[in-house]
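Subject: Structure handover

Hi,

Here is the structure I promised to pass on to you.

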Amino acid sequence: MKIDVQGWELHVLKGASKLLSRKGNDAPYLIYEEDERLLQASNSSAKEIRDFLHTVGYHHCTQHGTDAHCTKTG
């Protein structure tokens, strides 16, 4: 699942919490843009996104430019 909504990623991710809470391979591979300037404009931050993702089981994220790629398995 790719999300690029110009800083509103946290809000979209929270809206998708049921989908993101799926276990193991039923959970989507996640790609989202992590541009701190845009995130600040929507009153969020990269840390808030990572903290939220941890609550739904995403513990493996890697940075690729401004994109973060996250999975539930290593």
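There are four salt bridges in this predicted model, a salt bridge being a side-chain nitrogen of Lys or Arg within 4 Å of a carboxyl oxygen of Asp or Glu. One of them joins K2 to D67, with the closest N and O atoms 3.5 Å apart. That pair links distant parts of the chain, since K2 lies in strand β1 and D67 in strand β4, 65 residues apart. K2 is exposed, at 54% relative accessible area (buried is under 20%, exposed over 50%, partly exposed in between, with a 1.4 Å probe and protein chains only).

Another salt bridge brings the side chains of D51 and K47 together at 2.6 Å, N to O. These two are four residues apart in helix α4, about one helical turn. K47 is exposed at 57%, while D51 is partly exposed at 37%.

Five bridges join β3 to β4, and the two run antiparallel.

Residues are numbered from 1 along each chain as its sequence is written. The model is predicted, so local features need pLDDT of at least 70 and side-chain atom pairs 80 or more, while totals for chains, interfaces and linings use all residues, and side-chain values use heavy atoms, without hydrogens and water.

Best wishes

Key
Pairing = 2+ DSSP bridges.
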